[in-house]
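Biologist: I have not looked at this one before. Can you put it up and take me through it?

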Amino acid sequence: MCIMTTGLADLHRHIDGSLRMQTVLELANERGLDLPQPFGFSPNMGLEQALAQFAFTLRLLDTEEALERVAGEICEDATAEGVTTLELRFAPQLHGRGLAGVDDFVDATLRGIDGRAGLLLCGLYGESPEVLETLVECAAERPGVVGIDLAGGPLPGHGHGMADYRAAFVRAGELGLGRTVHAGEGRPPAEIRAAVETLCADRLGHATTILRDPAVVELVRERGLTIEACITSNMQVGAIASCAAHPLPRWIESGLKVCICTDNTLLSATTLPAELEVALGIEGVDQEMIEQTIAFAHAAAFTRTGRSEHPHEV
Ligand SMILES: [Zn+2]
């Protein structure tokens, strides 16, 4: 594919899902671990099965050295893909030391990134609000952290919901951090509305169900929010029936802003150029639309200085 812009942008790439396979083998060998079988996402495996794959990669990223190395390698890989604007994300509380390890793991990751990407810290659906609050305070002192995220997915047994995370998200906004939320990943569009209204999301992860509710489309369009579309990942977790069924062209026709992202290059066995090819294979998507999504991605990148005003928060 001929890309006319000077560089690509990937705003949604999870560190613990985007390791190099060679590095996985080395880190597993050092730790005496065998690869789970099967390893990686497969078509329509469902979100829960997909999330279970991270249990293994998290065991490989249990030291600051491993995280620093992997963060650096992901930046190199993205550069090789032609990415000039990159955001990486991870949940430092999951790397074996709980909240006590957050600052050290974030610092190690920032060393690995070395200014080549913005870093987002992820809280997870169901976690205590204290976790999100800790991540926001960690971010407050580290300009390399440009945003926060709510990742994973809600489960019936969870004792905490979105409303419990509002204070942390509002505080993040006060600090100039960008806010994104995994919302509507095959789940009803009411979740997208809550991400916008309760968590003041500046961007939305996935939002595959948004067209089911025209009022939510209007809300997201009115606020000018950008949706991070991860097409292969959406197909694999079963949020869409097939890559060809992704609503990307209808979103753009509806006036929604959307950027194309990888989610997890290792687990989905993809790259950003590969995802752009997948998008181009959707009926109704042409080269001009792809260029538009790349422009949306560059424009929606989080910067600590550029996002201090959040007029929709009141
Ligand atoms: Zn994600």
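**Cavity, strands and pocket**

Modeller: Keep in mind that this is a predicted model. To begin inside, helices α12 (272-280) and α13 (287-300) each supply at least two residues of the lining of the largest cavity.

Biologist: Which element gives the most to that lining?

Modeller: Helix α13 does, with 3 residues.

Biologist: Which residues line the largest cavity?

Modeller: The lining is made up of A9, I260, L272, L276, T293, I294 and A297. By class, 6 are nonpolar and 1 is polar, with no charged residues.

Biologist: What volume does the largest cavity have?

Modeller: About 40 Å³. The structure holds 1 cavity of 30 Å³ or more.

Biologist: Where does the chain go between β3 and β4?

Modeller: From β3 the chain passes through helix α6 (residues 129-140) and on to β4. This β-α-β crossover is right-handed.

Biologist: How many bridges join β4 to β5?

Modeller: There are 4 bridges between β4 and β5 (residues 178-183), and these two strands run parallel. Here I148 stands opposite R179 in β5.

Biologist: Which helix belongs to the β-α-β unit with β4 and β5, and what is the unit's hand?

Modeller: Helix α7 (residues 166-174) goes with β4 and β5, and the unit is right-handed.

Biologist: Which lining residues are closest to its centre?

Modeller: H14, L51, F54, A151 and G152 are the closest, out of 24 residues that line the largest pocket.

Biologist: Which elements give two or more residues to the lining of the largest pocket?

Modeller: Those are α2 (47-52), α3 (54-60) and β3. Strand β3 is also the one that pairs with β4.

Biologist: Last one. How do the lining residues of the largest pocket divide by class?

Modeller: They divide into 14 nonpolar, 7 polar and 3 charged residues. The lining of the largest cavity, by contrast, has no charged residues.

Technical notes
Residues numbered from 1 in each chain as written. Predicted model: local features only at pLDDT ≥ 70, side-chain atom pairs only at ≥ 80, totals over all residues. Heavy atoms only, no water. 1 Å grid on protein atoms, 1.4 Å probe; cavity = no way out; pocket = protein on both sides within 12 Å on 5 of 7 lines; lining within 4 Å. Points joined across faces, edges and corners; volume = space filled by probe spheres on them. Nonpolar A, V, L, I, M, F, W, Y, C, P; charged D, E, K, R; others polar. Pairing = 2+ DSSP bridges. Right-handed = clockwise from strand over helix to strand, strands pointing away.
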